[in-house]
Amino acid sequence: MSRAQRVVVTGANGQVGLDLIDTLAGVRPPGASATFEPDGRLVDSREFEVLALSHHELDITDDESVRRSFTNVRPDVVVNLAAYTAVDRAESDESNCFAVNASATGFLSQACQSVGAHFITISTDYVFDGEKGAGYVEDDATGPLNVYGRTKLAGEELCAPDDTIVRTSWVMGVRGRNVLHVIASRAAQNERVRFVNDQRGTATFAADLARAIVTMIRDRPGGRWHVANVGDATWYDIARYTGDLLEQGPDFVTAISTNELDPAPPAARPARSDLLIDKWCGAGWEPLPGWHDGVERLLAARAEL
Ligand SMILES: NC(=O)c1ccc[n+]([C@@H]2O[C@H](COP(=O)([O-])OP(=O)(O)OC[C@H]3O[C@@H](n4cnc5c(N)ncnc54)[C@H](OP(=O)(O)O)[C@@H]3O)[C@@H](O)[C@H]2O)c1
């Protein structure tokens, strides 16, 4: 049997990180699809040797620690999930956001090259301005509207041509802080919710994204790839479907427009930034499940926590 691939994961305690670490160990994370194996291969517990590094264990902005760690470990693949993800806070904290999402990503890429490791990093639909009026493909023109999107795009641009950049959107994990948990908690307290019906995107379930990343670790395709669950929706659509599953009445969710949000969020967001996964499917990989299926799985897993 060939030797295990040695994989370093940064930001391993985030919502995608927790699901990726399970998946690499051959364990289905909570809420994972029982059937989604995009490259048709189960993950064997001996396939990967994983070093999962939380923020506490490796600060990716500390170039010297990154270099020392990679020189000691000699990874085959590095998956960077560490990121400054507080989109609204970033508007008043640009230099720290840039340091993590841009400068550190560039340095990780260089450090990977120096030890011969393949580098995979995660980017976002917020690199787009949302003006296209249809779903986005990998070669579409970018035009971020907020600091977070600009720093993630700068991080992409600091990567080497052979690196793999996975753009994803509206990520929701069973173990992360995200909108579905907010909706479910409000429903449990018999409270109503208001969600915008003028921001359209693609929800991505962390367990499905984690399994897709395993495919990227195996294949090392290089270049930019869009990875999201199938089907676009507004936040209102997602809240409405979640409310229906939780047996809430028709008044549970009120649709509002972005300019009705009070207070107005500091960061502008694209009106329509859904990601198309045609390139992913064209590579022969199974499409990610539809978003309704993801909501159902997340709620079922949440109920069992
Ligand atoms: N969440 C979304 O909706 C979304 C959408 C599109 C793309 N993405 C991208 O997907 C990737 C994974 O996101 P996620 O949802 O898993 O985010 P997350 O839950 O916020 O996890 C990010 C992790 O990065 C860590 N981190 C922050 N600064 C760091 C640093 N300097 N060094 C090392 N670790 C650091 C955080 O640790 P602390 O919490 O301890 O700081 C956290 O564990 C990110 O690249 C993100 O930009 C996310």
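Q: Which residues of helix 3 and helix 4 meet?
A: The model is a predicted one. On the side of helix 3, the contact is formed by Glu94, Cys97, Phe98, Asn101, Ala102 and Thr105, and on the side of helix 4 by Val147, Tyr148, Arg150, Thr151, Lys152, Ala154 and Gly155. Sorted by class, the contact of helix 3 with helix 4 has 6 nonpolar, 4 polar and 3 charged residues.

Q: How is the geometry of such a pair described, and at what angle do helix 3 and helix 4 pack?
A: Two packed helices are characterised by the angle between their axes and the distance between those axes. For helix 3 and helix 4 the angle is about 25°, and the axes are 7 Å apart. Angles under 35 degrees count as roughly parallel, and helix 3 and helix 4 are therefore roughly parallel to each other. Their crossing is right-handed.

Q: How do helix 2 and helix 3 pack?
A: Helix 2, residues 63-73, packs against helix 3, residues 94-115, at an angle of about 30°, with the axes 10 Å apart. That angle makes helix 2 roughly parallel to helix 3. Helix 2 passes helix 3 in a right-handed crossing. From helix 2, the residues in contact are Asp63, Val66, Arg67, Phe70 and Thr71; their partners in helix 3 are Phe107, Leu108, Ala111, Cys112 and Val115. This contact of helix 2 with helix 3 comprises 7 nonpolar, 1 polar and 2 charged residues.

Q: Are helix 7 and helix 9 parallel or oblique to each other?
A: The axes of helix 7 (residues 235-245) and helix 9 come within 10 Å and cross at roughly 50°. Helix 7 and helix 9 are therefore oblique to each other. The crossing of helix 7 and helix 9 is right-handed. Helix 7 contributes Asp237, Ile238, Tyr241, Thr242 and Leu245 to the contact, while helix 9 contributes Trp291, His292, Val295, Glu296 and Leu299. By class, the contact of helix 7 with helix 9 has 6 nonpolar, 2 polar and 2 charged residues.

Q: Which residues line the largest cavity?
A: The lining of the largest cavity consists of Asp19, Pro30, Gly31, Met172, Gly173, Val174, Phe205, Ala206, Ala207, Gly294 and Leu298. Helix 6 and helix 9 (291-304) each supply at least two residues of this lining. By class, the lining of the largest cavity has 7 nonpolar, 3 polar and 1 charged residues.

Q: Which residues line the second largest cavity?
A: The second largest cavity is lined by Asn101, Thr105, Thr121, Ile122, Ser123, Lys152, Gly155, Glu156 and Ile165. Two or more residues of its lining come from each of helix 3, strand 4 (118-124) and helix 4 (147-157). The lining of the second largest cavity divides into 2 nonpolar, 5 polar and 2 charged residues.

Q: Which residues lie nearest the centre of the second largest pocket?
A: The second largest pocket holds about 160 Å³ of space. It is lined by 14 residues, with Thr23, Val27, Arg28, Glu37 and Arg211 nearest its centre. Helix 6 (residues 206-219) gives the most to the lining, with 3 residues. The lining of the second largest pocket divides into 7 nonpolar, 3 polar and 4 charged residues.

Q: Which peptide bond is cis, and which residue has a positive phi although it is not a glycine?
A: Most residues other than glycine have a negative phi, and most peptide bonds are trans. The peptide bond from Asp262 to Pro263 is cis, with omega near 5°. Pro263 is placed in the loop between strand 12 (253-256) and helix 8 (278-282). Trp170, not a glycine, has a positive phi of about 45°. Trp170 is found in the loop between strand 5 (164-168) and strand 6 (171-172).

Methods: Residues are numbered from 1 along each chain as its sequence is written. This is a predicted model: local features need pLDDT of at least 70, side-chain atom pairs count only at pLDDT 80 or more; totals for chains, interfaces and linings use all residues. Side-chain values use heavy atoms; hydrogens and water are left out. On a 1 Å grid over the protein atoms alone, a cavity is a set of points where a 1.4 Å probe fits but cannot get out, and a pocket is an open set with protein on both sides within 12 Å along at least five of seven lines; lining residues have an atom within 4 Å of a point. Grid points are joined across faces, edges and corners, and a volume is the space filled by probe spheres set on the points. Helices (H or I, at least four residues) and strands (E, at least two) are DSSP runs, numbered from the N terminus. Ala, Val, Leu, Ile, Met, Phe, Trp, Tyr, Cys and Pro count as nonpolar, Asp, Glu, Lys and Arg as charged, and the others, Gly among them, as polar. Axes are lines fitted to C-alpha atoms, for helices over the stretch in contact, and angles run from 0 to 180 degrees between N-to-C directions. Angles under 35 degrees count as roughly parallel, over 145 as roughly antiparallel, 65 to 115 as roughly perpendicular and the rest as oblique. A crossing is left-handed if the near helix is turned anticlockwise from the far one by less than a right angle, and right-handed if clockwise. Contact means heavy atoms within 4.5 Å.
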